[in-house]
Amino acid sequence: MKHFVTALAAATALGATTTMATADAASLSVFDWSGYEDQGFYGDYVAKYGGAPSYTYFGSVEEAFTKLQSGFAADLAHPCTDGLRKWVAAGLLKPIDTSKISNWDKLLPQIKDVDGVTIDGKTYMVPFEWGNTGLIYRTDQISEEQVSLQLLSDPAYQGKVAIPDAASSAYAMAALATGASSYTDMSEEEFQKASDFLRTIHPNIRFYWSDAGQLDQALASGEVTMGWGWNQSELNLIWNETPAKMMRDTDKGIATWVCGYVHLEASTQSDEQVYDMLNALSAEASGKYIIESWGYAHSNAAAFESADQGLIETYGFADVDSFFEDSLFFDAVNPKLEGRMLKEFERIKAGF
Amino acid sequence: MAGLLKSEAGKGLALSAPASLYVGLLVAGPLGILVAYSFWTQTYVEIDKTLTWANYLEAATDPLVRHLVLRSIFIAGAVTAATVALAYPIAYFIAFRTNKKTLWLLLITIPFWSSYLLRVFSWKLILGFNGVMNSALLSLGVIDEPLTFLLYNEFAVVLTLAHAWAPFAILPIYVSLQKIDRSLLEAATDLGCSKLERFIRVTLPLTVPGIIAASLIIFIPTVGDYVTPSLVGGSQGKMIANLIQVQFGPANNWPLGATLSLVAMAAVGVVAILFVLLATALGRRIR
């Protein structure tokens with residue numbers, strides 16, 4: 001709704017031909033997840049151009065890739081690191097000139113270093129938000145000592161488990177559970193072990209969730225007691241006062257995802273405007289807003305100092321360094337392995 | 001031009017030209033592209049345009065494909081049988097037993113006033129773990145724990161689809177019942193048929209075309225449905241269209257997706273032709 005109002009405001013401004021700047025604001029097009037049109041995310045852009053860019057939405061990174069490859073054009077897009085190698089290989093992206101990103105030095109170094117932000121020595125993404133993917137469980141039914149990824153395959157939990165309908169996320173979980181040395185470049189043996197793990201939990205699975213809301217509701221109602229999901233689900237459950245939390249013990253296995261903005265090859269807007277938007281997105285004020293209002297972690301390190309410390313604690317980002325050391329990052333997967341994961345995952349889901 | 005429009009054939013061609021052009025561009029064109037794709041191969045982000053049977057070989061030898069095609073046909077068959085069986089009495093009622101035909105026909109189309117997606121979601125709310133059905137049974141004390149077999153399986157897919165497609169079965173059967181010459185029924189009674197005999201030997205055979213039409217209208221689209229199985233099917237209720245969607249989406253293998261689409265299309269065609277032959281033969285026999 002908000003973006004509709006914005007579009008309306010922009011359209012009215014265009015009709016009235018007020019200032020040139022207002023008309024310009026909406027000429028920048030952003031291809032994004034829905035919800036990210038929130039003006040708090042890019043306050044500096046609104047201040048300079050007098051309005052918001054225009055937004056088009058996708059539901060998954062794969063859907064975005066397919067749409068861009070069939071010729072859809074925009075200036076910026078918002079994928080995550082694990083899929084980015086394919087985007088670069090398909091020639092969809094322009095490298096980012098980091099010298100034009102005024103906040104570049106303030107961004108968390110561990111997030112900047114994630115494989116996928118930089119590919120083959122070139123930077124393709126300005127990291128924006130990050131968070132965890134982990135095992136969320138009902139604390140009233142499973143104790144903190146008892147919970148583990150291996151518990152997912154326990155026959156006692158038949159029909160009480162949900163994992164994402166996404167091969168890369170499922171394999172990241174399986175890699176953590178089976179102790180694979182790397183998830184982006186597993187050996188043949190590790191791949192087999194991970195696949196076998198997914199096969200052993202298949203009989204316990206109530207559903208493979210395709211939207212996070214499905215997982216939230218199932219955990220809240222008690223339909224499932226454990227689910228591999230995003231920190232967003234944990235937050236929704238906290239806000240809903242459901243006794244549930246994410247297993248944040250890095251020894252037991254937790255993953256970190258990073259998403260950010262990329263400059264599309266098909267972009268037609270001036271670099272100046274594109275980089276103004278990228279700077280606004282990575283600014284400290286935007287970071288503070290996204291941490292406090294959305295409960296997501298931002299890439300700007302300074303934002304963690306200026307945001308409400310109590311909220312940071314509640315949302316689980318108080319000790320970011322420990323995550324960075326031991327959690328698994330959703331790096332850009334080796335293309336050949338990615339293909340095999342996708343194929344094998346379809347089989348596993350069908351019970352083969 | 002005027003001369004062309006005067007001849008009978010010319011008039012026919014001129015009249016059918018817009019529709020032919022439309023169908024040609026929007027059906028035959030895309031189908032051609034699909035066939036072309038099915039002979040190409042995907043190499044990461046590029047399409048290799050060397051012609052090959054590799055995709056067909058993969059589709060033919062993969063047990064997963066066979067499994068999903070068979071399951072899709074089974075689910076669509078169950079939906080068709082359930083819908084036609086439930087629709088027939090309603091159509092019969094409207095054709096023979098009521099004077100408010102328009103009102104009834106209008107009532108039947110009511111499900112179509114809301115979006116298909118919303119109807120699927122409402123079934124999810126009805127059948128869900130803490131949904132309408134479970135809450136009702138729990139509060140009545142019939143069950144102690146919510147039933148889990150209601151959702152995320154083939155049953156949920158069949159139920160949802162049967163509800164969504166009901167009007168498509170009622171209307172063709174109603175039309176074929178409406179067309180029956182009432183004097184034939186009187187003649188059957190005069191010649192000593194009981195009500196049941198009259199229905200089986202006169203009414204039913206005369207409505208076979210309506211039943212065939214209703215069955216095909218339901219069977220063909222439901223085999224390829226992917227929204228319903230992905231929302232209420234869980235992992236036990238996935239159908240072939242879900243695998244096709246994966247190829248065009250996450251797996252990014254359009255050629256294999258195109259091949260699977262054509263394989264599904266061929267399977268549907270074969271089953272539909274067999275069904276028409278069988279139904280026609282049965283219709284003749286009972287007469």
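This is a predicted model: local features need pLDDT of at least 70, side-chain atom pairs count only at pLDDT 80 or more; totals for chains, interfaces and linings use all residues.
Residues are numbered from 1 along each chain as its sequence is written, and chains are lettered from A in the order in which they are written. Local features need pLDDT of at least 70 and side-chain atom pairs count only at pLDDT 80 or more, whereas totals for chains, interfaces and linings use all residues.

**View 1. Overall form of chain A.** Chain A has 16 helices and 14 strands; these are DSSP runs numbered from the N terminus, helices being H or I of at least four residues and strands E of at least two. The C-alpha atoms fill a box of roughly 65 × 40 × 35 Å along the principal axes. Of the 352 residues, 51% count as buried, that is, with 20 or more other C-beta atoms within 10 Å of their own, the C-beta atoms being placed from the backbone; 12 or fewer makes a residue exposed, and values in between partly exposed. Among contacts in chain A with a separation of 6 or more, 75% join residues 24 or more positions apart; a contact requires C-beta atoms, placed from the backbone, within 7 Å.

**View 2. Helix α11 of chain A.** This helix spans residues 271-281, and its buried residues include Val274(A), Met277(A) and Leu281(A). The buried residues of α11(A) pack against α3 (43-49), β3 (76-77), β7 (125-138), β12 (255-264) and α12 (284-294) of chain A.

**View 3. The largest nonpolar core.** A nonpolar core is a set of buried Ala, Val, Leu, Ile, Met, Phe, Trp, Tyr and Cys residues joined through C-beta atoms within 7 Å. Of the 164 residues in the largest core, Leu76(A) and Ala175(A) touch the most other members. Its largest share, 13 residues, comes from helix α8 (residues 154-179) of chain B. Leaving aside neighbours within four places in sequence, Ala175(A) is in contact with Ala180(A), Tyr183(A), Met186(A), Ala194(A) and Leu328(A).

**View 4. The contact between the chains.** The contact takes 21 residues from chain B and 24 residues from chain A. On the side of chain B, α4 (63-97) and α13 (240-248) each supply at least two residues, and α4(B) gives the most, with four.

**View 5. Lys6(B).** Lys6(B) lies in helix α1 (residues 2-6) of chain B. Lys6(B) is exposed, with 8 other C-beta atoms within 10 Å.

Conventions
Two residues are in contact if their C-beta atoms, placed from the backbone, lie within 7 Å.
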